[in-house]
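The sequence and structure come before the findings.

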Amino acid sequence: MALEILLTNDDGIDSPGIRALYDALSAVANVTVVAPRSDQSAVGRSISHEADVFDHELGYALEGTPSDCVVAGLAELGPEPDLVVSGCNGGANLGEYVLGRSGTISAAVEAAFFDVPAIATSLYVPATGDRSFDEIVLEAESFAEATRITSFLAEHALETAIFEHAAYLNVNVPMPDGAPADVEITRPSKRYEMDATMNDGSIRLRDRVWEEMDPESISDPPGTDRHAIVNGRISISPLTAPHTTNHHETLEHLVERYRSRRR
């Protein structure tokens, strides 16, 4: 039986990253694409009650979110997949704080609730010289490293017990730089530095972590995803969903105090 993959993203179905993954994954699997019709970056696990669907040369384009696409693909539009792949996102998805914010990762989390293993792949695009991230044009060849590792994982991970311990893999990949990059198994960075400033009646939100990705000054410790990626290594974080709970007697004592007030 051929491997069945449901492929989605959050950059939109016409982005170069999903095209690159589609071409690569099609060499090892039957690929069904259900992806947003337009850019849905940073929408998290937003879900729609209804989303128009359009035929596309790659598959199906939904007027909706990445989570919409996963639900639609699993429940209606595609064959039952062995694996959901989300990406390749143009821009890294690193750290604990992006896990609920990123549309790319949220698609993988949505798959996990259906008990379908998933891989979310993102490309780290460093600013160079005077050019900001938004000014860097990504071509098909920009995703060569990302397609290499994602195809390998898609083809071989299901043969192992990886997904008995992880619901999905968050994969962040550097830009191609000659020889294939080394791989590091990581944990999400805990660093979080958001702030906001008021200017003429408008609030500007600033993600300072995103802006500070200099390998010489990065403060994330070894073993974290951000530390690996800025040092030129592929980061793979095996993650679980849904989120676990920690039962602790301290909370039990607090609940007992509340109960005593009700008596």
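Helices (H or I, at least four residues) and strands (E, at least two) are DSSP runs, numbered from the N terminus. The model is predicted: local features need pLDDT of at least 70, side-chain atom pairs count only at pLDDT 80 or more, and totals for chains, interfaces and linings use all residues. Residues are numbered from 1 along each chain as its sequence is written, and side-chain values use heavy atoms, with hydrogens and water left out.

## Backbone geometry

Most residues other than glycine have a negative phi, and most peptide bonds are trans. Asp115 has a positive phi of about 60° although it is not a glycine. Asp115 is found in the loop between α3 and β6 (118–123). Ala42, also not a glycine, has a positive phi near 60°, and its place is in the loop between β2 and β3.

Burial is stated by relative accessible area: buried means under 20%, exposed over 50%, and partly exposed in between (1.4 Å probe, protein chains only). On that scale Asp115 is exposed at 72%, and Ala42 is exposed at 51%.

The peptide bond between Gly87 and Cys88 is cis, with omega about 0°. Cys88 is in strand β5.

## Salt bridges

Side chains of opposite charge can pair when their charged atoms come close. A salt bridge here is a side-chain nitrogen of Lys or Arg within 4 Å of a carboxyl oxygen of Asp or Glu. The whole structure holds ten salt bridges. The table lists some of them.

| Pair | N to O distance |
|---|---|
| Arg19 and Glu57 | 2.9 Å |
| Glu96 and Lys190 | 3.1 Å |
| Glu193 and Arg191 | 2.9 Å |

Arg19 forms its salt bridge with Glu57. Arg19 lies in helix α1 (residues 16–25) and Glu57 in the loop between β3 (53–56) and β4 (59–62), so the pair ties together parts that are 38 residues apart in sequence. Arg19 is partly exposed at 32% relative accessibility, whereas Glu57 is exposed at 64%.

The salt bridge of Glu96 and Lys190 links distant parts of the chain: Glu96 is in the loop between β5 and α3, Lys190 in the loop between β8 and β9, and they are 94 residues apart. Glu96 is partly exposed, with a relative accessibility of 39%, and Lys190 is exposed, with 67%.

Glu193 pairs with Arg191 in a salt bridge. Salt bridges that share partners join Arg191, Glu193, Asp220 and Arg226 into one network. Glu193 is partly exposed at 24%, while Arg191 is buried at 15%.

## Aromatic rings

A pair of aromatic rings is described by the distance of the centres and the angle of the planes. Rings of Phe, Tyr and Trp (its six-membered ring) pair if their centres lie within 6.5 Å; planes under 30 degrees apart count as stacked, over 60 as edge-to-face and the rest as tilted. The count by this rule is one aromatic pair. The ring centres of Tyr97 and Tyr192 are 5.3 Å apart and the planes stand at 65°, so the pair is edge-to-face. Tyr97 is in the loop between β5 (83–90) and α3 (103–113), and Tyr192 is in the loop between β8 (183–185) and β9 (194–199), 95 residues apart. Tyr97 is buried, with a relative accessibility of 16%.

A charge sits over a ring if NZ of Lys or CZ of Arg is within 6 Å of the ring centre and within 35 degrees of the ring normal. The charged end of Arg37 sits over the ring of Phe54, at 3.7 Å from its centre.

## Two residues of strand β2

Thr32 lies in strand β2 (residues 30–36), and Pro36 is also in strand β2. Thr32 is buried at 15% relative accessibility, and Pro36 is buried at 0%. Contact means heavy atoms within 4.5 Å. Not counting residues up to four places away in sequence, Thr32 touches Ile5, Leu6, Leu7, Gly78 and Pro79. With neighbours within four places in sequence left aside, the contacts of Pro36 include Thr8, Asn9, Asp10, Leu62 and Cys69.
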